[in-house]
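Trainee: I've got a structure to read and I'd like to go through it feature by feature. Can you show me how?

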Amino acid sequence: MATSRSHGTCSSGSLLLSQEQIVSQCLAVVSAGELAPLLRALGDDADVHMVGGSVREIATGQTPHDLDLASRLSPDEVVSRCGKNDIRVVETGVKHGTVTIVLSSMHVELTTFRHAGPHHENNFASTIEEDLQGRDFTINAMAVNLKERRFVDTQRGLDDLGNGTLRAVGEPAERFREDPLRLMRMIRFGAAAGRSTDARTESACAELVGLLARISPERINSELKRILISKQPAEGLRAMRRLGILAEVAPELLTMSGVEQNEFHTEDVFEHTLSVIERCPVDVALRLAALFHDSGKPATISTGKDGRRHFYEHEVVSSRIARSVMERLRFSRDETERVTRVVRMHMRPLECGPAGVRRIMRDVDPFYDDWRVFKFADAPPVMSTSEVEASLQRFDQMVLKEHERIAAQGDRLAIGGRDLMEIGFEPGVAMGDFLRGCEELVIENPDLNTREGLLERARLHLEVLKA
């Protein structure tokens with residue numbers, strides 16, 4: 001066990017508790033929640049420890065939302081003992097020695113002590129010290145013995161946490177080979193969290209990055225999301241590019257590096273992308289939209305006669321790239337639609353007039369709020385914040401007036417397909433084209449949205465078709 005230390009601050013400036021304070025806070029979590037009945041159900045011989053992220057978060061003054069526990073009990077024993085006490089258990093990862101215990105106020109992940117070894121193998125151990133030797137990073141290899149009220153830190157994780165250092169437990173290459181997803185976890189707990197990664201750990205990552213090909217898309221997806229909503233996502237993505245991880249996860253994004261833009265931008269496409277990500281709220285979909293929004297620029301670059309660079313319709317290409325990557329990484333259909341719609345529409349201008357506002361409201365629906373927030377995040381860096389805010393305020397006023405008009409007049413087209421068939425239209429392409437033309441007409445001038453006026457246009461159009 002590491003020597004006691006007084007509390008202070010981490011290199012990031014956050015509070016760092018002493019060993020005694022960590023133990024006290026862990027026990028407070030137990031006594032304040034539903035863990036006490038769970039510990040009684042598991043029994044005195046379970047040797048239950050609070051471990052991993054729960055201890056790391058408590059050590060830095062945070063309150064863990066879900067708890068990580070470890071014990072000497074096998075998964076079957078945990079299920080049996082909980083069942084006898086009417087405690088619900090979900091066998092989420094039982095083949096890896098982990099079950100989820102569902103309490104009314106939280107979920108608890110309980111893992112059987114394991115020896116170091118491949119992620120897919122169950123090499124159960126008998127002590128917490130053996131278990132900690134196989135964990136990924138030292139800051140995740142701290143534990144508190146809940147029965148003995150003892151802090152266990154055989155890997156000196158508390159020192160690394162205080163120093164802002166991410167270091168693999170033992171031999172880095174062995175840890176990464178056991179579960180290559182740890183290569184991305186290294187980014188999340190290292191650069192993306194504002195920590196420096198020690199040289200041996202980073203070197204092993206660069207050598208073994210190709211092992212990520214063995215990891216399921218769903219697990220890659222989960223880690224990428226966590227990196228994007230981390231404390232320093234830009235640093236995380238820079239490290240992913242530098243170490244070759246980005247080339248494994250989303251090689252389509254590599255071409256953005258070094259692509260200079262025009263007078264509206266002071267950064268290349270990749271660095272501009274990182275700036276937009278960090279200007280977005282901590283929202284996965286918005287930060288994914290930022291990640292992909294200019295990914296089509298390298299493929300659409302052109303130079304005009306005046307020497308200016310252009311990226312015509314890059315938003316269309318960017319949307320295709322976003323959809324391709326997200327489908328490959330098994331994002332849900334809803335997530336993919338939300339992100340690709342914002343990407344596809346992100347070039348719509350704020351200075352667009354009433355008709356432009358109506359088109360934007362139509363085309364970005366139902367993701368208008370996302371689009372509106374993204375427009376602020378993606379504002380040209382050559383504009384001051386006050387200029388951007390003034391432009392958005394003018395746009396918002398036009399939107400408000402449009403909502404007032406809709407409340408008074410409605411926004412449905414005054415005629416439909418049945419009306420057109422009654423005057424002689426046949427269902428098909430011609431009728432659909434005419435209705436879309438009517439939609440564009442009334443977007444330009446809502447006063448033209450009358451049944452009589454549109455039917456008169458329809459009759460004239462039908463005469464032309466029959467001529």
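Mentor: Let's begin with naming: helices (H or I, at least four residues) and strands (E, at least two) are DSSP runs, numbered from the N terminus. Thr 112, for instance, is found in strand S7, residues 107–112. This is a predicted model, where local features need pLDDT of at least 70, side-chain atom pairs count only at pLDDT 80 or more, and totals for chains, interfaces and linings use all residues. Residues are numbered from 1 along each chain as its sequence is written, and side-chain values use heavy atoms, with hydrogens and water left out.

Trainee: Is Thr 112 buried or exposed?

Mentor: Buried means under 20% relative accessible area, exposed over 50%, and partly exposed in between (1.4 Å probe, protein chains only). Thr 112 has a relative accessible area of 3%, so it's buried.

Trainee: What is Thr 112 in contact with?

Mentor: Contact means heavy atoms within 4.5 Å. Leaving aside neighbours within four places in sequence, Thr 112 is in contact with residues including Ser 71, Leu 73, Phe 124 and Asp 131. A polar atom of the Thr 112 side chain also lies 2.6 Å from the backbone oxygen of Leu 73.

Trainee: How do I read a helix such as H22?

Mentor: Start with the span: the expected value is 1.5 Å times one less than the number of residues. H22 (residues 429–444) has 16 residues and reaches 23 Å from its first C-alpha to its last, close to the expected 22 Å.

Trainee: Which residues of H22 are buried?

Mentor: An α-helix has 3.6 residues a turn, so residues three or four places apart point the same way. In H22 the buried residues are Met 431, Gly 432, Phe 434, Leu 435, Cys 438, Val 442 and Ile 443. Their cover includes helices H18 (353–364), H21 (417–422) and H23 (451–466).

Trainee: And the largest nonpolar core: how many residues does it have?

Mentor: A nonpolar core is a set of buried Ala, Val, Leu, Ile, Met, Phe, Trp, Tyr and Cys residues joined through side-chain atoms within 4.5 Å. The largest has 97 residues, and those with the most contacts inside it are Ile 22, Met 50, Ile 101, Met 240 and Phe 292. Helix H14 (residues 284–292) gives this core its largest share, 7 residues. A second, separate core of 13 residues includes Val 364, Tyr 368, Leu 392 and Val 399.

Trainee: What does Met 240 touch?

Mentor: Not counting residues up to four places away in sequence, Met 240 touches Met 184, Ile 187, Leu 224, Ile 227, Ile 245, Leu 246 and Val 249.

How values were computed
Polar contact = N/O pair within 3.5 Å; in protein donor to acceptor, adjacent residues only side chain to side chain.
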